[in-house]
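Please read it beside the sequence and the coordinates.

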Amino acid sequence: MKLSENWLREWVNPSAGIEEIAARLIMGGLELEIEPAVDTLPDKVVVGRIISAEKHPQADRLQVCSVDVGDGEPRQIVCGAPNARAGLHAPCALVGARLPGGMEITAAKLRGVESYGMLCSAQELALSDRSDGLLELDAGAKPGQPITDYLNLQDNILDLEITPNRGDCLSALGLARDVAALFDVNMKRPTLPPAVVVGDQRLRVDVEDPATCPTYSGRIITKINPKARTPDWMRERLRRSGLRCIHPVVDITNYVMLELGQPLHAFDREKLGSSICVRRAKPGEQITVLTGEQLTLDNGELLITDDNGPIALAGVMGGRDSGVTDATTAIFLESACFAPTAIVGTARRHKLTSDASYRYERGVDPALHRTGIDRASQLIADICGGEVHPIAQAGRTQPEPVTIRLRHARLNQLLGHTIPAKDVEALLARLGITTRNEIGDAWMARIPSHRYDLRIEVDLIEEVARLYGYDNIPGKPYLAAIAPARSAEAQRPLATARDTLAARGWQEIVSLAFAEPEMQTTLNPDDTAVPLDNPIADPLSVMRTTLWAGMIPAWLHNRQRQVSRIRLFETGVCFALDNGEVVETLRVGGLAAGSAFPEQWGQPERPTDFFDIKADVESLFGRASAEYRFEAAEHPALHPGRSARIRRGDNVVGWAGELHPRIVQELDLPEAPLVFELDWAGLANIDVPHPEALSEFPSSRRDLAVVVDEAVSAAQLVDGARAAGGPLLQKAWVFDIYRGENVGKSSKSVALGLIFNDRSRTLTVEEIDAATASITEALARDLGAVIRQ
């Protein structure tokens with residue numbers, strides 16, 4: 001929400017600058033930034049009145065205007081704006097003026113006619129990003145008055161980020177209440193006279209479910225002037241709040257919403273029936289809203305209806321067929337309080353955004369509806385004319401009172417600081433919270449109707465701390481003795497994986513748990529994704545089933561910023577549907593792209609390959625690395641010849657490999673990255689290490705070179721050697737692979753290193769040779785291995 005400083009000071013004016021007010025609000029829990037109403041104030045720009053506008057003798061699109069600038073000497077100004085006409089008031093830049101964009105105004109000759117100044121548009125004064133003509137001012141504007149004074153441009157704008165629990169601050173009134181409480185000053189409530197009722201027309205109003213709409217009010221206003229114009233002071237306040245002017249009646253409803261926090265809506269009376277009803281939508285019911293979109297309602301959305309059907313999506317947006325137009329002369333003005341639970345999600349579900357739904361979802365003061373409708377009625381009567389008729393209302397006239405018991409001892413305990421009882425009462429009184437003393441050093445606090453966020457004792461304690469000042473609460477060491485929990489040695493914390501990958505040059509990311517369904521189906525077609533009822537954005541409509549769905553966009557984002565070599569990893573939960581149940585799996589995933597090493601002189605540059613990422617994955621196995629094995633297998637997202645399934649015993653714990661060329665093409669990726677993903681449950685458990693003494697007897701090594709078919713993996717050879725070597729074989733590994741003419745085109749030579757040892761004695765040559773022969777025979781029998789000659 002954006003709000004003018006000058007507007008705020010009409011409600012509360014502490015003796016503090018805007019920077020101090022902002023700092024106090026930030027410490028009070030509201031995020032905000034300050035920006036000027038205009039970056040550069042225009043100099044020598046005044047209100048001008050066009051006395052006459054004649055056609056330029058040499059140009060069809062130009063007019064020669066005589067402009068009154070208040071000094072008794074009309075200026076001749078050549079103007080090309082289509083709305084320039086006699087009697088119009090508009091900003092006039094005099095000779096010597098400097099505009100916000102840096103333009104200097106000088107006397108000039110345009111197509112042979114002298115021009116002494118310039119009539120300005122809103123864009124030229126930096127009041128708008130674009131404009132179609134001159135900035136039209138009220139007919140009562142005084143020629144010669146500096147435009148900075150007339151439009152009150154010496155102002156600042158407070159750009160606030162209101163947290164969901166503080167919907168009461170979404171107005172000038174609400175923010176003024178908080179400023180008054182924080183500075184302990186009185187509010188200057190402007191006089192808001194009630195509208196004078198002169199007619200007797202009413203519509204019957206009904207609410208089917210008071211739980212969804214505690215109160216609904218409406219009134220008819222007739223004989224409105226359709227040619228009325230929104231005054232400049234209101235236009236400027238709306239502009240500084242980020243709202244554009246639409247129609248005087250609509251502008252007034254927006255203005256009252258910004259001023260008091262009460263959303264309002266105006267219907268064209270001639271387009272309505274004889275009664276209004278607030279009810280839930282029937283399945284399949286449809287409504288066309290003001291944006292022109294036709295919505296089909298299947299989730300019991302709250303509707304405003306008349307005798308003929310829906311006329312508005314309650315608390316979100318009005319219907320197109322009942323909206324106010326330039327020809328409207330009679331309206332039905334709505335002011336209601338809708339329950340946040342009845343409105344929340346409706347706007348997002350139908351991809352609509354409105355200031356009304358933003359407020360109703362956070363809670364609107366149920367006691368404000370009469371004040372809001374009276375304020376808007378009076379403004380409409382003042383600006384548009386018309387006759388105001390009585391209010392028709394359904395529901396409660398007063399909200400249900402809310403009381404909370406607050407214990408002084410509990411307050412001091414939670415804050416770790418003693419605040420005297422009289423100070424607590426004074427602080428709460430600043431917020432309009434009345435207290436009554438209770439037995440046991442406690443109070444019964446009555447909560448104002450606008451504070452939806454105060455419902456339990458700790459809420460009140462937080463308010464006391466906020467107003468008392470967090471800076472005034474001294475820091476103290478916590479006195480409780482907390483015994484640190486001992487972690488099981490056989491259970492590794494997830495932090496070990498993060499530390500390991502970070503130490504190996506990987507960077508951790510945190511991506512959203514939401515994913516694009518198309519990308520996710522491409523990456524992981526086997527798992528069923530969990531759909532979202534109210535996605536935060538159209539593309540992110542399902543929960544992720546794989547971490548790769550967030551890593552690929554993160555990689556592309558960095559690559560677009562000239563980061564060519566990248567190592568990203570993430571730890572997070574993935575979600576999938578299994579027989580209607582949501583299954584959550586904690587995983588560790590990574591993506592690598594670019595060169596294998598940073599640019600350097602020590603070795604030539606080469607791209608990252610499968611074995612680079614395999615080494616990093618193996619580092620995650622820790623001392624249990626012998627329990628894992630990589631086996632060639634196909635994954636729908638991975639290159640069929642450059643991927644591996646990772647097993648721990650009989651359980652599959654993850655995958656690693658290069659992204660499939662088909663997916664690289666479908667996603668239009670610049671290259672094929674290397675990726676891995678592991679289930680943390682398959683890595684977390686690890687055997688407790690048991691110390692063993694070194695053997696007192698010497699070990700013996702034998703090297704064995706065998707020729708096998710290309711399809712035989714090194715892991716198969718090592719597993720076969722370990723199985724056949726018996727208890728004497730302590731270690732087996734591959735230390736060389738040779739391919740060439742000497743071993744045939746479809747074969748390869750693999751060299752195995754074998755270590756033999758016995759802890760009770762020195763092995764004889766015969767025992768070692770027998771074990772080696774046993775391994776040779778097993779490899780020949782099971783894998784077709786032949787000793788290389």
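The chain has a radius of gyration of 38 Å, whereas a compact globule of 789 residues would have one near 28 Å; the radius is taken over C-alpha atoms, and the globule rule is 2.2 Å times the number of residues to the power 0.38. Along its principal axes the C-alpha trace spans about 120 × 85 × 55 Å. This is a predicted model, in which local features need pLDDT of at least 70, side-chain atom pairs count only at pLDDT 80 or more, and totals for chains, interfaces and linings use all residues. Residues are numbered from 1 along each chain as its sequence is written, and side-chain values use heavy atoms, with hydrogens and water left out.

**Composition and surface**

- The chain has 21 helices and 37 strands, which are DSSP runs numbered from the N terminus (helices: H or I, at least four residues; strands: E, at least two).
- Of the 789 residues in the chain, 49% are buried (buried means under 20% relative accessible area, exposed over 50%, partly exposed in between; 1.4 Å probe, protein chains only).
- Among contacts in the chain with a separation of 6 or more, 69% are between residues 24 or more positions apart (contact means heavy atoms within 4.5 Å).

- Four strands form an open sheet in the order S35-S36-S34-S37, with antiparallel pairing; two strands pair if DSSP finds at least two bridges between them.
- Strands S35 (729–738) and S37 (786–787) are at the edges and have a single partner strand each, so one side of each has no neighbour in the sheet.
- Helix H20 (residues 714–725) packs on this sheet and touches S34, S35 and strand S36 (747–756); its direction makes about 150° with that of S35. Axes are lines fitted to C-alpha atoms, for helices over the stretch in contact, and angles run from 0 to 180 degrees between N-to-C directions.
- Helix H21 (residues 765–783) lies across S34, S35, S36 and S37, and runs at about 15° to S34.
- Strand S34 (residues 700–709) is joined to S37 by two bridges, and the two strands run antiparallel.
- Valine 707 has valine 786 in S37 as its bridge partner.

**Salt bridges**

- The count comes to 55 salt bridges (a side-chain nitrogen of Lys or Arg within 4 Å of a carboxyl oxygen of Asp or Glu).
- Glutamate 457 and arginine 407 form a salt bridge at 2.6 Å, N to O. This pair links distant parts of the chain, with glutamate 457 in helix H13 (residues 457–468) and arginine 407 in strand S22 (residues 402–407), 50 residues apart.
- Glutamate 457 is buried at 14% relative accessible area, while arginine 407 is partly exposed at 36%.
- Glutamate 463 and arginine 466 form a salt bridge with the closest N and O atoms 2.8 Å apart. Both residues are buried, and about one helical turn separates them because they are three residues apart in helix H13.
- Glu463 and Arg466 also belong to a network of salt bridges that links them with Arg166, Asp168, Asp178, Arg451 and Asp453.
- In the salt bridge of arginine 229 with aspartate 232, the closest N and O atoms are 3.2 Å apart. Arginine 229 is partly exposed at 28% relative accessibility, and aspartate 232 is buried at 6%.
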